[in-house]
Every structure is written in C-alpha cells, then in structure tokens.
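Subject: Structure for you to look at

Hello,

Here is the structure I said I would pass on. Please open it and keep it beside this message while you read.

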Amino acid sequence: MKLLESNRYIDDLRKAISNTNLSDLTGKTIFITGGLGLIASAIADVLIVDGKTTIYIGARSEQKFQKRFSGYEAVKFVQYDALVDFDSSIRPDYIICGAGLASPELYTTMPVETVLSNFDGVHTLLEFAKHNSTSRLLYISSSEVYGKKVSIDPFIEGEYGVIDIDNIRSSYAIAKRASEMLCKAYTSEYGVDTIIVRPGHVYGPSAQKSDKRLSSDFAYKAANGENLEMKSSGLQKRSYCYSVDCAIQILTALISGESGQAYNIGNDSVTTIKKLAELYAKAGNVELITKNPTEEELKTFNPMRNSSLDNRKVKELGYRDTFSVEEGVNHTVEILKDISQCHYK
C-alpha cells in the first residue's frame, strides 16, 4: 500500500486542508525540490489531496518517484540533483526548495556535500527564478540557524546565538545560514521574491525508512513492534511538528508571507525528546530502553539543548495547529502500520 492510500493519512490531510485557505494556489504550478523527503513530500501530499495545482517533483531517482507518486496525474517528475546545474523547460509559478542533505550522520561524514547541496542548490534555483519570472521561491531552512544561546525561551525570528565553526557538524547550520543570506541577497539586489521557513523537528509517516533522525527512526521501530533505545537524557526541548501541519504552515508562508522574511515552523507545545520517545513507545506498545551512545553517535548529536520555536509570526498569517503532538505520533504509527510495508527501502 502507498502512503496516499492510507485512509488515516488522507483524513489527516483533509482535516488540515479544511483548517486553512489554499485558494490562492488554484491553477498554479509548483516545483518542489527534495520532493521525496519528509517535509517536501508532505507538501506534495497536501497539494495532491487539495487537487487544485500542478506539481513538479524534483528528485534524483525516477524509480523512487514512481513508487511514491505514480498514478497521480497532477504530479510530474523532473530530474533534479542539488549538486548539479539545473536547466529545465518547466516554468513554475512557485518554487519550494527542499533539497539538501538533512541526516545528522552525514553532517560529519559528508560535510562538503552537506554545504554544497544546500548553498549551490538554492543558488541554481535563485538564478532559475530570476531568469524565468517565477512568482516566488520558498527556501526550507532549519531551526539550526539559531545556534546556541543562553536564554531558555523558544527561538524567535531575528534573535541568534553562536554556531561553533570549528565543529564539523556545524556544516549543516552554516550552510543553512549562508543559503538564507543568499536568498535575501537575491531579493535585495535582483528583486527575486523569496520566503524562508525554519522547521524545527518534524516527524510523520512521510519520512523515509532510511531517515535516522530519532523522530523518524522511532516511528518506524514503534510501528514494527521494536523496542526503542534512547541514548541521551532526553531532556532537550523541541517543537515537534507533525509533517502535515508543517506542510500547511509552509504553504501558508508561501501564499501570505512577506517577501524576504523568515518564518519559524513548529507546534504550539514544547516537548522533550524523552516525552516524544515515551509517546512513540506507548503508540507502538513497545519498551523504551536507555543506553549510552557511542563516540560516533555523540558527534552527530544536535548541540542545542532547547531548540523550541515560537511560531507566532506564521500564525499571524492565519495558520493554526490541527494536531497535537500526541495525535500526530499516534497517527504516524497507525499509518505506518496501515501501509504495512515501508514505502521506501
């Protein structure tokens, strides 16, 4: 069964769509890069169920695209690699740039590709937008641009902490900061209409099984009846956001956001990693076990103890949460059980 054949998932998409207004996208064409990833594929799912747009998915593997999106006439494949120059005959109204390495273990093992897939990828698309009269380009950044700070309050747009440029794991955060500045530069110098969104920690059934971020890894393990192993205190605070709500927030920013501005993408509630793990264990009826991390695993850990996000700015555009964290976790496990076999190998 495909993800979009899950009744629970379709119901969640419809419920979230009914909670917002996507009418401005009617008849538009949207090009989404990284369209097989956790966030970007959920955006595509929302647009498919909404049924009012033409969607181009930029991805490296047409075979994986066919497994995920075949059978939907409004969705078309575009060969795309963020590390390769992009040239295409498509002329989208909007571009959503979601491509780039986003797995913590790759930030330390493939830091060059981590930087270039973000910076070069968005640079190529900004040039494309500049020369093809694209109405707006939205760049999916990350809460990691905020770095570390002393305050325990949720991050708000415009307040930043320190990023350790001597730590190779910072390749991701630095790449995101640089890419954001490039978007702002194209808006300032060339008049390219850009919007930046900063998701924090997103989870949901649109994650690939190969995604080893805790919120995705635990989802698959809980659905498969495997015990969960947590390798930290779990006291770090996050704004865990269900991928369907995340997609709606991003589309809200795309439609109504102010050009050149950045918007946090999160959930009203602040949840610790431990609490999220407990919710997954309960949803999957499995045990949560604590173990010590290896040296290699320690290198991949997010250094931010509190990376919760204040998303009042996107809410001022009309967004409101549809799902609580508990609902999102329960639905994620239920949907992954629904489809019985993972939609990605």
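Two strands pair if DSSP finds at least two bridges between them. With that in mind, please note that this is a predicted model. My notes start with the sheet and end with a loop residue.

The sheet

Seven strands form an open sheet in the order β3-β2-β1-β4-β5-β6-β11, and the pairing is parallel. At the edges are β3 (75–79) and β11 (262–265), each of which pairs on one side only. On average, neighbouring strands in this sheet are turned by 20° against each other, direction ignored.

You can follow the pairing strand by strand. Strand β1 covers residues 29–33 and strand β4 residues 94–97; the two run parallel and are joined by four bridges. Within that pair, I32 stands opposite I96 of β4.

β1 also pairs with β2, in the parallel sense and over five bridges. Here the bridge partner of T29 is T54 in β2.

I55 has V75 in β3 as its bridge partner. To get from β2 to β3 the chain passes through helix α3 (residues 62–69), and this β-α-β crossover is right-handed.

Is β2 mostly covered or mostly open? It is mostly covered, with five of its six residues buried.

Helices across the sheet

Helix α2 (residues 38–50) lies across β1, β2 (54–59), β3, β4, β5 (136–140) and β6 (194–199). Its direction is at about 160° to β1. Helix α8 (residues 243–256) lies across β4, β5, β6 and β11, and runs at about 145° to β5.

Helix α7 and its surroundings

How do helix α7 and helix α12 cross? α7 is residues 214–223 and α12 is residues 325–338; their axes come within 9 Å and cross at roughly 55°. That angle makes α7 oblique to α12. The crossing is right-handed. On the α7 side the contact is made by A219, Y220, A222 and A223, and on the α12 side by T332, V333, L336 and K337.

Eight of the ten residues of α7 are buried, so this helix is largely enclosed by the rest of the structure. The buried ones are S215, S216, D217, F218, A219, Y220, A222 and A223. The elements covering them include α2, β7 (202–203), β8 (228–230), α9 (273–284), β13 (288–290) and α12. After α7 comes G225, which has a positive phi, near 75°.

A loop residue

V162 is found in the loop between β5 and α6 (171–190). Is V162 buried or exposed? The cut-off for exposed is over 50% relative accessible area. V162 has a relative accessible area of 61%, so it is exposed. Leaving aside its neighbours within four places in sequence, V162 is in contact with Y146, G147 and K148. The C-alpha atoms of V162 and V244 are separated by 31 Å, and the two residues are 82 apart along the chain.

That is what I have for now.

Regards

Key
Residues are numbered from 1 along each chain as its sequence is written. This is a predicted model: local features need pLDDT of at least 70, side-chain atom pairs count only at pLDDT 80 or more; totals for chains, interfaces and linings use all residues. Side-chain values use heavy atoms; hydrogens and water are left out. Axes are lines fitted to C-alpha atoms, for helices over the stretch in contact, and angles run from 0 to 180 degrees between N-to-C directions. Contact means heavy atoms within 4.5 Å. Buried means under 20% relative accessible area, exposed over 50%, partly exposed in between (1.4 Å probe, protein chains only). A crossover is right-handed if, with the strands pointing away from the viewer, the path from the first strand over the helix to the second runs clockwise. Angles under 35 degrees count as roughly parallel, over 145 as roughly antiparallel, 65 to 115 as roughly perpendicular and the rest as oblique. A crossing is left-handed if the near helix is turned anticlockwise from the far one by less than a right angle, and right-handed if clockwise.
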